[in-house]
Amino acid sequence: MDVPIKTVLLVALLVTGLPDGITVKINMNDEQTANVGDERVVIFCEYTEPVTDPGTILVSSYVEWEMVNGRDQIIATVVNGNIQIQADKRKYNISKTTLSRKQPSLQIFNIDLYDEAIYYCKVNFILNTSNGPQIEQDSQSTVLTVNKLPSRVDIIGYDEQESVGLNTSGGIMLECRAYESKPAVILTWYVGETKITSNIRNSTYTNDDGTVTTTSILTYYPSSMDDNQTIRCVCESNSVHSKTQFTDEVKLSILKERLVGDGLASRNSCDKFVVLIGTLLVLWHIV
């Protein structure tokens, strides 16, 4: 069986080692950040071809995209200008337009958590020189970090805008959770438009998929001025991709202690009146 000369040259180079030659250079963008649900992310890669003398022939070119996130996976290759997507073709693509400009940039669609990885762009050129076969290559990498907004924010045990009755002689404990975010978020409490800064305990729990559930527990001691006020638990995202606010709230209903005191006073007055009538009846019978 005839073996293609390109294959023979490549095998020979890999066995004997890679001689020094004209530098092939790859340029990639810096580390990137995306959000779950983003429609598309482009990981930029650009290379320079080796400069050859008149006696050198470019035999073959090879570009490879590799993804490393706990396991190595070859996503795509470009052999002599022919694009081959090795992974899900609905998930990855290399544009022929940018490839013609020596930019085999990788397009990733419908971003999810599992797209967070190190991405390697590798370029190889096989040359046939006057001194024999030669390979020129370079490999560069960049990191894609994928963030996720919380799935929801809840004040535990209360429906949204539920009214909570309490008096000013005691406090109320409220627990708020932001579920499945990445990274952990900061939860902030407000009464009306005033930020609450004391009597707050925060904690986080990392889920199996790498997302984080954040818990904030508030102990609040109301005053009579808090009647009909709203206590809100707010999670704000200020990422470059999204400026979204997640919130849950309850409404305070302050029991009027003076009304309770007035009721006791009325009952005491009634009791005194009954005693007075009873005394008069006794005296009437005596007389």
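Cys45 and Cys121 form a disulfide, with 2.1 Å between their sulfur atoms. The structure is a predicted model. The link ties together parts of the chain that lie 76 residues apart in sequence, because Cys45 belongs to strand S4 (residues 45-47) and Cys121 to strand S10. About the S-S bond the angle is -75°, and the link of Cys45 and Cys121 is left-handed. Cys45 and Cys121 are both buried.

A disulfide is also formed by Cys176 and Cys233. Their sulfur atoms are 2.0 Å apart. This pair links distant parts of the chain, 57 residues apart. Cys176 sits in strand S14, and Cys233 sits in strand S19. The link of Cys176 and Cys233 is left-handed, with -85° about the S-S bond. Both of these cysteines, Cys176 and Cys233, are buried.

The count comes to two disulfides. With the bonded cysteines numbered in sequence order, the pairing is 1-2, 3-4. Cys235 is in no disulfide. The nearest cysteine sulfur to that of Cys235 belongs to Cys233, 7.9 Å away. Cys235 is buried, and its relative accessible area is 1%.

The backbone was examined next. Most peptide bonds are trans, and most residues other than glycine have a negative phi. Several sites in the model depart from these patterns, as described below.

The peptide bond from Lys182 to Pro183 is cis. Its omega is near 0°. Pro183 is placed in the loop between strand S14 (172-181) and strand S15 (187-191).

Asn110 is not a glycine, yet its phi is positive, at about 50°. The loop that holds Asn110 runs between strand S9 (106-109) and strand S10 (117-129). Strand S10 also contains Cys121, the partner of Cys45. Asn110 is exposed, with a relative accessible area of 54%.

Asn228 likewise has a positive phi and is a residue other than glycine. The value is near 70°. Asn228 is found in the loop between strand S18 (212-220) and strand S19 (230-236).

Note on methods
Residues numbered from 1 in each chain as written. Predicted model: local features only at pLDDT ≥ 70, side-chain atom pairs only at ≥ 80, totals over all residues. Heavy atoms only, no water. Helix = DSSP H or I, 4+ residues; strand = E, 2+ residues; numbered from the N terminus. Buried < 20%, exposed > 50% of the residue type's maximum accessible area, 1.4 Å probe, protein only. Disulfide = S-S within 2.5 Å.
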